[in-house]
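Have a look at the model before reading on.

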Amino acid sequence: MRPAPSLLGFALWPSLAATRSIRATTAFENKCLQFRPEGSVRNATRTELQFVKAGTRVALADNDPSCNTDGQAVTADLCRVAMSIPTSNRSSITYEMWLPETWSGRFLATGNGGIGGCVEYENLAYGTANGFATVGTNNGHNGTNGDTFYQNEDVVADFGWRSLHTSVEVGKKLAALFYSEAVSKSYFIGCSLGGRQGIHSAELFPEDFDGIVAGAPAVDFNNLYSSRARYFTITGAEGAPSFISAGTWKTTIHDEVLRQCDGLDGAMDGIIEDPTLCKFQAETLLCGTNQEGDCLSDAQVQTVTKVFSNYLWQNGSMLYPAMQPGSEILAAGGLYSGKPYGPSVGWFKFAVLEDLAWDPASFTTDDALTAGQKDPGGIRTWPSSLAAFEGRGGKILTYHGQQDQQITSFNSPRFYEHLAAGMGYVPAQMDRFYRLFRIPGMGHCNGGPGAWVVGQAGSTAARGIPYDREHNVLAAVVDWVEKGMAPEALVGTKYANDTVDSGIAYRHTHCKYPAKSTFKGGDRKPSEVDSWECL
């Protein structure tokens, strides 16, 4: 006796659906394993060709130990391609391209950090999870040291610009070959050095990207690294009269910073909304004054004053902006630790001065001048116009944490104003292609006490928020490019304990520069998103 039709359907549909799923997966897997990308890239050597199933972890056992990544979890079925691509007769790049089975037609290139040569695999996973064919490179050298810059201008050129541009040219070509369809739109996401890479690309190669997300961009690169090198000469080594312990920075000084500046935005919430309003007076902590409890010596007060003062050339002009108050709680273990800052040492020793015996304690503005004049790899990135990029419809979304402990948040408005002046633009004209969002309570690229999750790549917390233009910078720039819907504000998310599973602690609206986030006052709570407005 035949079963009833409804029972027959019930019995067979799961099996049929499973069969179709198996066939689709097998077809994509076969397509991946039959792909021969090296045949389309001159002199390239393929090192990996791997089908990766969603929910698995890509093993990266050969990754340089200093990159601190031996594996990467993925959430989309994808085809992983890795190649070595020569860029000259004495330099090459390690190239990774991750091709998702479910492709949006979009291309995404990812940036790097510091002076490092580390592929940001977490960003590759982030891109493919959102349907982008995604690429990343080691920026021309392996690891975080930069010693291969020494007496090799080709490696420095890869680091400065060539690696990213090569990855875009190769990536667009390979995506079209793999999917049998041209890339529809091209995007970039990066922070710190990565932010600089995005802006430099818009300057040098305006055709490479339609939309760029540039977090905490390390523009004016040589002067940034001079500023970082200078901090060791300010603090001195541990034990010097000018040195301040991490504990004193994080408690005595940070508490006084909050006492003087937290309420300037109208809300006492432990976050300085706009550090430009804070004119910190370090002398209030001088021992022997009316200061109660912990205090600072005169030499230590001078240290704090110098840290929070602009770095000037000998003629009094700006070399690089001061660190912003609020940064000290994290910078205490980095820039103010009483040790030479590693990336700056590497940049000056290997790329600028090419002097293996160089002593970081001897740093002066003469070294800064040399860095600017030499500008290794053309890396400075300080354009006075991005007219070609704007002219073809390109869009740049930048964001910068107001508690950044590595790149002062004062530099992003400085660059915005420099670019606006060079192009003769008022803010309404800048808004057509370049928008800056300042993120109160965010550290360097991520982290901090504020609502810092805005969809930046490289963070598991960033993947917990909705992928939409209101909450996510990547989605915002896509909608700006493809739908003409420009972001007027970003809503940041703060998770309890910075863990998605712990739930949302609060959300906060981040304003488009030059607007300031202003507390409405009354009986409102600072943790409520509607308690603030952009003015």
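Asp375 sits in the loop between helix H10 (365-374) and helix H11 (387-391), where helices (H or I, at least four residues) and strands (E, at least two) are DSSP runs numbered from the N terminus. Its phi is positive, about 45 degrees, although Asp375 is not a glycine. Most residues other than glycine have a negative phi, and most peptide bonds are trans. Asp375 counts as partly exposed because its relative accessibility is 22%; buried means under 20% relative accessible area, exposed over 50%, and partly exposed in between, using a 1.4 Å probe and protein chains only.

Some ground rules: this is a predicted model, so local features need pLDDT of at least 70 and side-chain atom pairs count only at pLDDT 80 or more, while totals for chains, interfaces and linings use all residues. Residues are numbered from 1 along each chain as its sequence is written, and side-chain values use heavy atoms, with hydrogens and water left out.

Back to the backbone. Cys445 is another non-glycine residue with a positive phi, here about 75 degrees. Cys445 is in the loop between E13 and H14, and it is buried, with a relative accessible area of 13%. There's also a cis peptide bond between Tyr513 and Pro514, with omega at about 10 degrees. Pro514 belongs to the loop between E15 and strand E16 (517-519).

**Disulfides**

How many disulfides does a search of the whole structure find? It turns up six, a disulfide being a pair of cysteine sulfur atoms within 2.5 Å. Counting bonded cysteines along the chain, the pattern reads 1-3, 2-4, 5-10, 6-7, 8-9, 11-12. Here are three of them.

| Pair | S to S | S-S torsion |
|---|---|---|
| Cys191 and Cys445 | 2.1 Å | about -100 degrees |
| Cys287 and Cys295 | 1.9 Å | about 95 degrees |
| Cys511 and Cys534 | 2.1 Å | about -90 degrees |

The disulfide of Cys191 and Cys445 is left-handed because its torsion is about -100 degrees. That pair links distant parts of the chain, 254 residues apart: Cys191 is in strand E8, and Cys445 is in the loop between strand E13 (434-439) and helix H14 (473-483). Both Cys191 and Cys445 are buried.

For Cys287 and Cys295, the torsion is about 95 degrees, so this disulfide is right-handed. Cys287 is partly exposed at a relative accessible area of 35%, and Cys295 is partly exposed at 31%.

Cys511 and Cys534 form a left-handed disulfide, given a torsion of about -90 degrees. Cys511 lies in strand E15 (residues 504-511) and Cys534 in strand E17 (residues 532-534), so the pair ties together parts 23 residues apart in sequence. Cys511 counts as buried at 5% relative accessibility, whereas Cys534 counts as partly exposed at 34%.

**Pockets**

Rolling a probe the size of a water molecule over the atoms shows where empty space is left. On a 1 Å grid over the protein atoms alone, a pocket is an open set of points where a 1.4 Å probe fits, with protein on both sides within 12 Å along at least five of seven lines; lining residues have an atom within 4 Å of a point. Grid points are joined across faces, edges and corners, and a volume is the space filled by probe spheres set on the points.

The largest pocket has a volume of about 760 Å³. It is lined by 32 residues, and the closest to its centre are Asn112, Gly113, Gly114, Glu120 and Glu122. Helix H2 (121-129) and strand E8 (185-191) are the elements that give two or more residues to this lining, and E8 gives the most, with three. By class, the lining has eleven nonpolar, 18 polar and three charged residues; Ala, Val, Leu, Ile, Met, Phe, Trp, Tyr, Cys and Pro count as nonpolar, Asp, Glu, Lys and Arg as charged, and the others, Gly among them, as polar.

The second largest pocket holds about 400 Å³ of space. Of its 22 lining residues, Asp62, Asn63, Thr94, Glu96 and Tyr121 lie nearest the centre. Strand E4 (78-88) is one of the elements supplying at least two lining residues, and E4 gives the most, with four.

E4 is mostly covered, with eight of its eleven residues buried. It pairs with E1 in the antiparallel sense over seven bridges, two strands being paired if DSSP finds at least two bridges between them. E4 also runs antiparallel to E5, joined by ten bridges, and a hairpin connects E4 to E5 through two residues.
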